[in-house]
Structure formats: structure tokens, C-alpha cells
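This report looks at charged side chains and at one helix. The sequence and structure come first, and the description follows.

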Amino acid sequence: MLIGTEPRGAVPDGQEATGQEARAAARVAELDRRLGDPTDDGNELSYARLLEADEAGELSRAGERALDELGLGADFVPRAEGGRLERLDILVRVMRQVFRRDVALGLGYGVTSFMAAVNVWTSGDAAQRERLARILTGGGKVAVAYHELAHGNDFVRNEFEARPDGGGFRLYGAKQVINNAGRADAWVLFSRTSPAPGSRSHSVLLVERDGLAADTFRILPRYDAVGVRGCLLSGLRFDGTPVPASALVGESGKGVETALRAFQITRSALPGMAVGTTDTALRTVVRFALGRQLYRKSVMEIPHARDTLSGAFTDLLTCDSLSLAATRAVHLLPEQTSVFAAAAKYLVPKVLTDTMHDLSIVLGARFYLRDGEYGIFQKHLRDLPVLSLGHAGSAACQATIIPQLSRLARRSWFADEPAPARLFQPRADLPGLPYDRLTLASGRDALSATLVAAVDRLPGASPEERAVQRLTLQLVDELRQVQEASRALAPQDRTALAAPAVFALADRYAVLLAAAAAIGVWQQAARDGGDAFLADPAWLAAALHRLARRLGRRPAGLPASVDARMHEEVLRRFRERTSYDLYDTPLAG
């Protein structure tokens, strides 16, 4: 199939549009049409209008109205419960359309509800699932309250109590920095249910606001934030509020397990949604580079600017590859998802933020502007780091990876079988979400095995393919070094209190997983004869080269054809208005 012989975003030749993929493509297109061209100032959901809402510290009313009309709440509800959620990677594609325009709208309208709901889909009973599905499909919202500022991510020290009282519980204490706390129809509360120390002293409760004794709880004042200024961040304080026993989600004392299993789903999904923000940033800077004249030529003709834009596009493909592997692993390799989800949630926002800063250099002084043609760049630059905070912040994700490194080094690396092909096929069908098979740790890693197996499977006929071979060998050598270092970890360095060097080891491992995901995506595209660009080794060579440099390596330069191919694709997608990710999706603007 030659580039340009089919509508962009369509299923590539040789691949049928299955029921799942047909529904996904239709839903993404429906959302994009309703949100409209963001560069058209006459559109009530244009960048200009979204920036006005941000300056006012409000969520876009027009945006929330549009998402209400689209029934977006149903996208967070499993099909078995009457919603649309059947695949995590499809939810990412849908929400990416919102994040592309406004991170605050994506978080404030929907993702917060999804983060709360996953606890119930994972551990709730039939009645709880039915009640929650009714709220979300009816346009309601749910908030999740993990945090207490005094304890941060140290959940087992949380003081908020749900004291057993007769046939139910009484709530005491406060939760801070909760998105939508004041307008939620229900709250998912991580609560201490026993005064005993340890992780078995906490439980999760689903508390519906309707019917609560109004004089026993209150909404705390709103927090002002630098990013996602429209999000309604506040808190909750309870003073003996009675709730029924039916509020308990799962077993008493199993709150930590419920939360950690839910994190595997949310940590897998959120990074891929964030790809949309940097997609918009790249598109904004490409527009600037083509239109701005310096030294009697366009900025795009300046080598540094051109390389920066191509590098940003490469980073988006790499991030989307890791996101794809993480979300599809929830379906295909649920026992291994813990480490993949943490790696994606750690690395993808970090790379995207670095990429945004690189792009800001090309944009120059205009990146400081909060309105006008380039104001959306500044907004996304402020909003994106918020996705690296909270219960799934960078350090928390590394702390999930670190205790598993020595076990992976002993049992998995250079021993496991590679991941199944479907892990890397963006449009292939998947089985349902197996919530009951998610485990806290496994000691298995089929994704890194894909990197190791690639050494003997990569072709080397073209200069680009030979570059991929050389880079893959270097990355496999890096994995060997990570393995040796992980085997040698002292007991105290196998915990969240590990030395800084061990956190750096987790960083190196996450980069290697990204490389493995990119290799897997390229291999399947080349084998399936589908998307011509993804089947081209040029993008993979560029991706592995940047990842090797991120690891501190000094790889040899790439063939000139690699840069030319990446630059050509950056321009084509800008002119044809398609997305800078694995899907090459047609966009309204």
C-alpha cells in the first residue's frame, strides 16, 4: 500500500475493520466532529474560547455541554454494565481527542470519574456497579479521594476514618486536593477502618452524596492551581457522617490491594491520553515554523528547528508505542501489568514534558503568550506536568518498579518468551478487561523479551534497518547491565526507600521498555503490510537513537534518509490534518 492511497485514519489494507475497531473509529470521529475545528475562533470550543475559560479559572461550559451531549460518561462504564468501555486503548483514543484541546476538560469532566470508577469495576459488587453505572451513564460525576496532604503517597499512614458503627460506618476526618469534590454525585473514599498498623487497616468506600446528613460534612475551599486552572480542586471534611455497610467496596481491610489494582488500569491509560497535548503543541509549532521568516527563510528551514520538530514527532510515536503496550497488556498480560503501567505512567509524561520544552525553544518568546494563535501551547505546557503528580506521580511509579527489579532480573530477563503480537497491533481485537487477574507483582516481563528476541529477527538489508540492528544490540547490552545491577541490589534498595541510584535504575528500565514497545509496533506493522509509515524502519531507527541517547549512550549518526523521512511525515500530517501518533487519525483542525 502506498502512502496516500486510502483515507487517513482508515484501517490499513489487509486489515478488516472489526466490530471493536469500527466502533472505536466511529466514536473518535464523532467526538472530533462535535468538538470542531479548534483553530476556528467562531467555534465555541476553539482554542481561543478554551483559553478564555482557563483565564477565568473555569472549565469550558460549552465543552462540558458538548461532552454531555456525547454521553461521554458511558465511555467509562463497561459494556456489561450498560456503557461503552470494552478496551482500554480505545478509551485512550477517545479521550485523546479531549486532551488534545484541553487537559483540564479531560480531567475535570471525565477522567476523574474514570479513576474513581475503576475501583468499583475492580472490586465492587453487582449492586455497586449498577449504581455507579447509572450515575455515569446519566451524566453524573464521581470523585476519588486517596490523598491526605500530611501523608502524600504513604497510604498506610492515612488518618481519614470509616469507623465501624453498628451495621455501617461513620466517617471522620478530611481529604484534600480532590477534583470535583464539590459537584460529585458520589465519592470513592480510601479510609482507615482499623486502628491497627499496616496495610490491612484500610478499605475503600463508595459513598453517594444523596441522602447523607448534610450537617455532618462539608466541602472545603477550592485550591488555586498553576496548571489545569479550570479544574475544581477542593476537599472534604466529615464529622461522624453515617454511611451504610453497602458502601464498602470489596472486603474490609483490602483497600490497599483494591487501590493498587485500580492504579494499574489508570496508570496505563492516562499517559496515552496525554499524548494529545503534545500532538497539539507540535502542530502549533509546525504552524509557526512554516509561517515565521528569519534570515530570509522560514524557521522550518533552520536545521535546529527542523530537527527539533522531527524529534518531537519521534517522541510522540515512542510514547504512544509504550502507552499502547501498557493498555493492551491489561487485557493480554494482566499478571504483568503492574510494572508496565508504572513504567508508562513514569516515562511518558516525563518525555512529553521534555519534548514540550524543546518545542518552546523553537517557538521562542511566543511560548510565553497566554492568548492568541500560540496561547494553547503555553496552556498545555502548564497543564501537562499535572499528569505526573498525585497518587501516580513519578516517584510513586518508580517505587512500584523498584521492588520488582531483582525478581525480574533473576526470573525473567533473557529467559521469558516475547509478548504476543496483538500487544503491538493498534487495531486488533482484544478480550475483555480481566479485573480479577490483575496482580500486585509477577516477576514476568514479556515486553523486554521482545527487545531481546528482536536481535535475531531484525532484517538488515537497508541502511535504516542496519541502524536499527546496531541500536537494538546496544539496548540489549543496556538491559544486561540493568539486570546485573538489579541482581546486586541490597535488601534496603529493593524498597521505596532505595538509594537515588536505584531510582535511576528504574528510569533506565522504563526507557528499555519503551524501546521494546517501539520495536514490537514496527515489527507487526511490517509483518501485517498495513500502515506504510509504521512499517518503514526510519521512524524506529529515529526512536531507538533518541532512547539510546536518553540512556547516556553515544550511538553513531543515522542515515540522512531517516531525518528526511521523518521531516516529510511531519509536514504531510500537518497539511493533511492528521494526528502525530500511531493512528494518523483525521482531525477537524
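R565 counts as buried, with a relative accessibility of 11%, where buried means under 20% relative accessible area, exposed over 50% and partly exposed in between, found with a 1.4 Å probe on protein chains only. The side chain of R565 meets that of E568 in a salt bridge of 3.7 Å, N to O, a term for a side-chain nitrogen of Lys or Arg within 4 Å of a carboxyl oxygen of Asp or Glu. R565 and E568 are three residues apart in helix 16, and so are separated by about one helical turn. Salt bridges that share partners join D536, R565, E568, E569, R572, R573, E576 and D584 into one network.

This is a predicted model, in which local features need pLDDT of at least 70 and side-chain atom pairs count only at pLDDT 80 or more, while totals for chains, interfaces and linings use all residues. Residues are numbered from 1 along each chain as its sequence is written, and side-chain values use heavy atoms, with hydrogens and water left out.

Across the whole structure, a search finds 51 salt bridges, including those tabulated here.

| Pair | N to O distance |
|---|---|
| R163 and E161 | 3.2 Å |
| D477 and R553 | 2.8 Å |

The pair of D477, in helix 13 (residues 463-487), and R553, in the loop between helix 15 (537-550) and helix 16 (560-576), links distant parts of the chain, 76 residues apart; helices here are DSSP runs of H or I with at least four residues, and strands are runs of E with at least two, numbered from the N terminus.
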